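Student: I would like to go through this structure with you. Could we take the helices and then the strands?

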Amino acid sequence: MAAMFATALFLPLVVGDYYLQFAAKVMLLGILAMSLNLNVGFGGMVSLCHAAFFGLAGYVLVLVTPEYEAPNLVWTLLVALAVVALVAAVIGALSLRTRGIYFIMVTLAFGEMLYFLFHDTSIGGGSDGIFLYVKPLLTLGGLSIDLENPLTFYMVALVCCALSWALITHLLASPFGDSLTAARDNERRAMSLGIPVFAVRLVAFIVSAVMAGLAGYLSAAQFGFVAPQMLGWHMSAVALVMVVLGGTRKVAGPLFGAVVLVVLEDILKIYLGEQWKLVYGGVIVALVLFLPGGLQDILRLTLPQGWFRRTAPVTQPIVVGGKQ
Amino acid sequence: MTKDLLVVEGLSKRFGGLLAVSDVSLRLRQGEIHAVIGPNGAGKSSLINLLSGDLSVSAGRVLLEGKDVTGEAPHRRCRAGIGRSYQKTTIFHERTVLDNVRLAAQSARHNTLAMRRVRSVEMETEAAALAALQETGLADRATTVARQMSHGEQRQLEVAMVLATKPKVLLLDEPLAGMGHSEAKRMAEVIRGLAVGRGILLVEHDMDIVFAIADRLTVMADGQVIASGAVEEVRRNAKVRAAYLGETEDGA
């Protein structure tokens, strides 16, 4: 993975601004999907309010930005992530009292609450959304990072994406990761071995929400616009499809899920126009049918035995039962 | 002098109209194996679940070395020194034997929320895990993936995991369930060895083994204790014979 991120550093040499912006968008969605998978794949918590954290961070950026002045990258980002962490702590503390399908329903409900908070009130321009006229800027001595510049933005997105991957990988290798996956595999046993399951899950939920917030912040900065759709359950479901498509047992899996999904959408839109969703749905159904373990199955099916270390057979990609 | 590790006073559990465990009191001393036997549905497993915190208590108290742990959550009781095994094997099947035990050793004694590995902690965990494997006779199976082992070995691992949490009290729920005769005998020896310096509450169906290794015996029926005491004494108890063999008491 590190090599792939390094290769991606050279992308600006080969492609133009349009594709750089496209690649940056894919990476931001990749961060969202990878962060969601920390909950879904490694925590066994299928959350349907992840887009709410994504969108919330975007809204916070726009709302704290003075109208005609470039917002400071560092402090607007910190404020956005702090707000997301706080909201995630509240939502997590309440919804983690439930398991399995009930957890999905409760997170869905909280996600929709945030959606309608922005949709039906004038806090953020109602259903029309609001524009961000000036993009965040960071000036440190002579060095300045201006997100207006596509190349700079691409680099920032790439670094954030790589850092998110590295952070999740690191967390999973730590005792915290052991606790999280143990609680996923057998909650009762994890408790009887001394793991405070609720606390572990809550921390994972908050960490993953903050990462989704980072992606949302950058996304708002990229498009200069936020709308309630960013927070809705539809967006959460798209992220979940990326996760399932990419495979839940590998940290980077959902990132590839994001790449495939967004590229597929773009290609189909070009060639099929209005009817693109018809084929899009069919392709996703086919992928799920033939690659139940996600895209990593392609590797396993094509590479010779032994090239691809199979850590665990993926018989049940997502645990929705909770109780055994 | 032996001391009381676990004291249970008037413990009851009510499920709606059913009194699953009714006013149970018992003491578990250090170095002692205290077996709890009884017919199916007598409340033995419920008793273990009450002691481990998997079930909440309706009435009564549980004291660990004099400290009241009645209201504590399962993970806190584990950290306080009450370790339990399950009747249905609940190991982590996709992990190796060593990983299973290491997880137990790490979870019970160190910061489960730690976001980085600390060398000294890792070494301590590793040592505790290996010691637990040694004690249960699984040392040569350390690198095997848990689900590839025989049922008997999985039962051994179940106990090894409890042991790795450094418990003072072990609650073993039918550790010999489904084992072959020779496996069961070996396991019984292991359990006998575990009692040194610890206290063991053993729920078991295999009477031969219970009589062979237990120091004290409590017999339950319909959620109540019908007899408790030294093994030989309880064996001769008329009520116990009635419950087990269907022999009628005089006048009853």
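Tutor: The notes below discuss a helix pair and then the strands. This is a predicted model, in which local features need pLDDT of at least 70, side-chain atom pairs count only at pLDDT 80 or more, and totals for chains, interfaces and linings use all residues. Residues are numbered from 1 along each chain as its sequence is written, and chains are lettered from A and ligands numbered from 1 in the order in which they are written.

Student: At what angle do helix 12 and helix 13 of chain A cross?

Tutor: The axes of helix 12 (residues 253-272) and helix 13 (residues 276-290) of chain A cross at roughly 140 degrees and come within 9 Å. Helices are DSSP runs of H or I with at least four residues, strands are runs of E with at least two, and both are numbered from the N terminus. Axes are lines fitted to C-alpha atoms, for helices over the stretch in contact, and angles run from 0 to 180 degrees between N-to-C directions.

Student: What do we call that arrangement of helix 12 and helix 13 of chain A?

Tutor: Helix 12 of chain A and helix 13 of chain A are therefore oblique to each other. Angles under 35 degrees count as roughly parallel, over 145 as roughly antiparallel, 65 to 115 as roughly perpendicular, and the rest as oblique.

Student: Which residues make the contact?

Tutor: Helix 12 of chain A contributes A:Leu264, A:Glu265, A:Leu268, A:Lys269 and A:Leu272, while helix 13 of chain A contributes A:Trp276, A:Val279, A:Tyr280 and A:Val283. Contact requires C-beta atoms, placed from the backbone, to lie within 7 Å.

Student: Now chain B. How do strand 1 and strand 2 pair, parallel or antiparallel?

Tutor: Strand 1 (residues 4-15) and strand 2 (residues 18-29) of chain B pair in the antiparallel sense over 8 bridges. Two strands pair if DSSP finds at least two bridges between them. The two strands of chain B form a hairpin with 2 residues between them, and B:Gly16 in the turn has a positive phi of about 55 degrees. B:Phe15 stands opposite B:Leu18 in strand 2 of chain B.

Student: What order do the strands of the open sheet have in chain B?

Tutor: The open sheet of 6 strands in chain B has the order 6-7-8-3-9-10, with mixed pairing. Its edge strands are strand 6 (82-84) and strand 10 (224-230) of chain B, each pairing on one side only. The twist averages 15 degrees from one strand to the next.

Student: How many bridges join strand 3 to strand 8 in chain B?

Tutor: In chain B, 4 bridges join strand 3 (residues 33-37) to strand 8 (residues 199-203), and these strands run parallel.

Definitions and conventions. Two residues are in contact if their C-beta atoms, placed from the backbone, lie within 7 Å.
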